[in-house]
Amino acid sequence: MARIQIPIDALTSRLNLGSRFEGVRSQSLSTRFANLRPISEFLNLSRLSKPASVGEVQSRVNYNLGYFSSNYVAVAIMLLIYSLLTNLTLLFDIIFVGLGLFAIKKLEGRDLELGFARATTSQLYTGLFVIAVPLFIWANPIGSALWLVGATGVTILGHASFMDKPIDTAFSEEAV
């Protein structure tokens, strides 16, 4: 049976996704947030308007994703923090695994010796795995991830499609 080849490039070329993420990989964190737009510009209610056509929506989204990219990353991070704070079991499990791995690594390969028992590092990793995986499954990380993708997509694409371009940008595009 032949494999189905999906032309991802043909699907994503319309939104120019390939070149959009090239600069993100090469930037440091301070450079990434250096072009953070002021909150008054990001939430300027006088620039909110209903787009006239699908072409205008695409034009606004392409412009605003580049112009407000750092603000959108900040919004996604805030939604991620909110998602973790509302799913305390998942937050606890992440902290538990992180601290457990840190404590096991701190032993530097030696056995953990308590007064009445001795545990090797492989036993400690197994114990951490046996406790963390069922807790992780119970915390419903897939539901949180799907909520995060949906909330981020609706928030960012909603803002990008309803936020009009600045007037000077609109006039410079018409002159070309």
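**Figure 1. Asp-111, at 29% relative accessibility, counts as partly exposed.**
The model is a predicted one, in which local features need pLDDT of at least 70 and side-chain atom pairs count only at pLDDT 80 or more, whereas totals for chains, interfaces and linings use all residues. Residues are numbered from 1 along each chain as its sequence is written, and side-chain values use heavy atoms, with hydrogens and water left out. Buried denotes under 20% relative accessible area, exposed over 50%, and partly exposed the range in between (1.4 Å probe, protein chains only). Asp-111 forms a salt bridge with Arg-118, in which the closest N and O atoms are 3.4 Å apart. Arg-118 also forms a salt bridge with Glu-113, with 3.0 Å between the closest N and O atoms. A salt bridge requires a side-chain nitrogen of Lys or Arg within 4 Å of a carboxyl oxygen of Asp or Glu. Arg-118 is exposed, with a relative accessible area of 56%, and Glu-113 counts as exposed at 55% relative accessibility.

**Figure 2. A network of salt bridges links Glu-56, Arg-60 and Asp-164.**
The whole structure contains 4 salt bridges according to the search. In one of them, the side chains of Arg-60 and Asp-164 meet at 3.4 Å, N to O. Arg-60 belongs to helix α6 (residues 54-67) and Asp-164 to the loop between α10 and α11 (167-175), so this pair ties together parts that are 104 residues apart in sequence. Helices (H or I, at least four residues) and strands (E, at least two) are DSSP runs, numbered from the N terminus. Arg-60 counts as buried, at 2% relative accessibility, whereas Asp-164 counts as partly exposed, at 27%.

**Figure 3. Ring pairs join Phe-42, Tyr-63, Tyr-67, Phe-68 and Tyr-72 into a cluster.**
A search of the whole structure finds 7 aromatic pairs. Among them, Phe-68 and Tyr-72 form an edge-to-face pair, with 6.2 Å from centre to centre and 65° between the planes. Rings of Phe, Tyr and Trp (its six-membered ring) pair if their centres lie within 6.5 Å; planes under 30 degrees apart count as stacked, over 60 as edge-to-face and the rest as tilted. Phe-68 counts as buried at 0% relative accessibility, and Tyr-72 counts as buried at 5%. Arg-37 lies over the face of Tyr-67, at 3.9 Å from the ring centre. For such a contact, NZ of Lys or CZ of Arg must be within 6 Å of the ring centre and within 35 degrees of the ring normal.

**Figure 4. The rings of Tyr-82 and Trp-147 form a tilted pair, with centres 5.7 Å apart and planes at 40°.**
Tyr-82 lies in helix α7 and Trp-147 in helix α10 (residues 141-162), so the pair ties together parts that are 65 residues apart in sequence. Tyr-82 counts as partly exposed at 47% relative accessibility; Trp-147 is partly exposed too, with a relative accessible area of 38%.

**Figure 5. Helix α7 (residues 69-86) has 18 residues and reaches 26 Å from its first C-alpha to its last.**
This span is close to the 26 Å expected at 1.5 Å a residue, the expected value being 1.5 Å times one less than the number of residues. Ser-69, Ser-70, Asn-71, Tyr-72, Val-75, Leu-79 and Ser-83 are buried in α7. An α-helix has 3.6 residues a turn, so residues three or four places apart point the same way.

**Figure 6. Phe-129, Val-130, Ile-131, Val-133 and Ile-137 form a nonpolar patch on the surface.**
Patches are made of residues with over 30% relative accessible area and no salt bridge; like charges are joined within 9 Å and nonpolar side chains (Val, Leu, Ile, Met, Phe, Trp, Tyr) within 5 Å. Phe-129 is placed in helix α9 (residues 121-138) and counts as exposed at 55% relative accessibility.

**Figure 7. Glu-108 and Asn-140 have positive phi values.**
Most residues other than glycine have a negative phi. Phi of Glu-108 is near 55°, and this residue lies in the loop between α8 (88-106) and β1 (112-113). Glu-108 counts as exposed at 65% relative accessibility. Asn-140 has a phi of about 60° although it is not a glycine. Asn-140 lies in the loop between α9 and α10 and counts as partly exposed at 44% relative accessibility.

Terms used. Accessible areas come from the Shrake-Rupley method with a 1.4 Å probe; for residues, only the protein chains shown count as cover.
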